[in-house]
Amino acid sequence: MDARTGTGSPPEVPGILHLDMDAFFASVEVRDDPGLRGLPVVVGGAGARGVVAAASYPARTRGIRSAMPMATARRLAPDLVIVPPRGGHYREISAQVMEILGSVVAEVEQISVDEAFLDVRGARRLFGEPEQIAALLRRTIREELDLPSSVGGSVSRAVAKIASAQAKPDGQLIVPAARTAEFLAPLPVSAVSGIGPKAVAGLERFGVHTIGQIREIPSSALARALGPRAPEIAHLADGSDRTGLGHRVRDKSLGTERTWDEDLTDADEVRRRITVMADDVARQLRRGELVARTVVLKLRSPDGTTITRSSTLDQPTASGERLREHVVALWERERHRLRRIRLAGVRATHLEPEASTPYQHELTARSGQWRDLEAAMDRAVDRFGTTSLSRGSTLSGAPGTAQRTDAPSPSEHDRP
Ligand SMILES: [Mg+2]
């Protein structure tokens with residue numbers, strides 16, 4: 001019992017924290033090369049089709065943002081310093097950050113290379129209130145790794161994430177439970193993770209620009225603007241959301257599986273079918289605004305022999321191109337084991353919300369092109385249905401034709 005308040009229950013603790021490293025990749029590069037301090041530094045591909053993966057704060061003050069084409073960034077800052085990404089190095093430092101978090105707080109949910117949610121309610125007895133725990137974590141990361149981070153705190157993970165964005169750079173903002181709606185009210189609706197341009201446009205049709213205005217329109221209008229996410233966003237806007245750790249992604253995997261009446265005996269035919277499945281899984285991911293870290297291929301022969309093989313992607317993705325590359329590679333490795341195929345399945349696992357990963361903007365324009373193409377295909381499939389639209393490579397794999405069935409690649413040459 002709380003002795004400070006004579007009546008009623010103690011005030012609710014804003015014990016869900018969101019810790020986010022500031023301009024992570026760029027901060028690491030500046031730390032490792034102090035000569036870069038104060039300069040507009042970006043991490044990303046330097047080629048003509050390169051894209052900004054991370055921008056230092058001096059670069060941001062010049063209007064440079066991640067996902068921006070490198071050519072645009074160069075125009076904004078002719079003195080731009082472009083550093084090629086070092087993924088393995090960032091992952092190592094990420095593990096050190098997570099180790100620091102785990103040394104203070106038992107409940108840590110890492111959601112990307114540079115972000116985690118923490119439930120600090122159990123750590124209060126040892127380390128104090130959320131404000132003090134946030135300060136301790138940021139100070140320790142600064143002292144041990146020489147890197148800046150920001151923390152948001154709230155009674156809800158969604159609000160904690162919004163608060164950390166408001167606290168940047170190198171700050172912290174803990175929102176008291178009773179002031180949640182007040183804190184959110186003046187912010188643009190786009191501040192909510194997962195409210196993308198389409199949802200923003202939908203809300204603007206009802207005159208809604210700020211989170212506070214969400215509370216002023218009827219729930220039927222909100223449902224029209226946001227679809228199935230409307231109730232969740234309504235709770236967020238009025239401060240009643242209490243979603244904690246481990247709730248964002250309910251399904252740990254998604255996929256598709258098919259059994260055929262007649263066995264498949266033609267290797268090209270199998271490859272064509274699993275390619276279609278990979279595209280289907282990628283589409284499911286994009287619909288759910290998810291990315292996957294792992295893809296799984298399952299094959300069964302008529303005698304019941306089942307092979308399940310998985311492949312871990314170097315970056316979480318919702319790209320059909322990426323998924324099909326991996327399932328086809330798995331198939332090529334295993335095809336000699338199964339001469340006849342009765343069942344095949346493709347599954348994506350280790351899912352994450354797309355908006356929370358820094359890899360949502362893939363590092364090269366090659367994947368960027370595929371992403372745009374796939375988004376356009378999603379729209380077409382939504383309008384016209386799956387049968388009207390297939391990739392050329394999928395069709396060219398039909399049995400009896402002499403055409404090669406490899407995916408067409410815009411930038412890679414055939415290898416011997
Ligand atoms: Mg970050």
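Q: In this predicted model, which residues does Asp 20 touch, not counting residues up to four places away in sequence?
A: Let's set aside the residues up to four places away in sequence from Asp 20. In this predicted model, the contacts of Asp 20 are then Asp 114, Glu 115, Ser 149, Ser 150 and Ser 164.

Q: Is Asp 20 buried or exposed?
A: A residue needs 20 or more other C-beta atoms within 10 Å of its own to be called buried. Asp 20 has 22 C-beta neighbours inside 10 Å, so Asp 20 counts as buried.

Q: In which strand is Asp 20 found?
A: Look for the strand that covers residues 16-21. Asp 20 falls within that stretch, and the strand is β1.

Q: Where does Asp 114 lie?
A: Strand β5 covers 107-112, and strand β6 covers 115-119. Asp 114 lies between these two strands, in the β5 to β6 loop.

Q: Which feature does UniProt place at Asp 20 and Asp 114?
A: The UniProt entry, which is unreviewed, marks both Asp 20 and Asp 114.

Q: How many helices and strands does the protein chain have?
A: Let's step back to the whole chain, with its 416 residues, of which 36% are buried. Its secondary structure comes to 16 helices and 12 strands.

How values were computed:
Residues numbered from 1 in each chain as written. Predicted model: local features only at pLDDT ≥ 70, side-chain atom pairs only at ≥ 80, totals over all residues. Helix = DSSP H or I, 4+ residues; strand = E, 2+ residues; numbered from the N terminus. Buried ≥ 20, exposed ≤ 12 C-beta atoms within 10 Å, placed from the backbone. UniProt positions renumbered as here; feature names shortened; annotations may be inferred. Contact = placed C-beta atoms within 7 Å.
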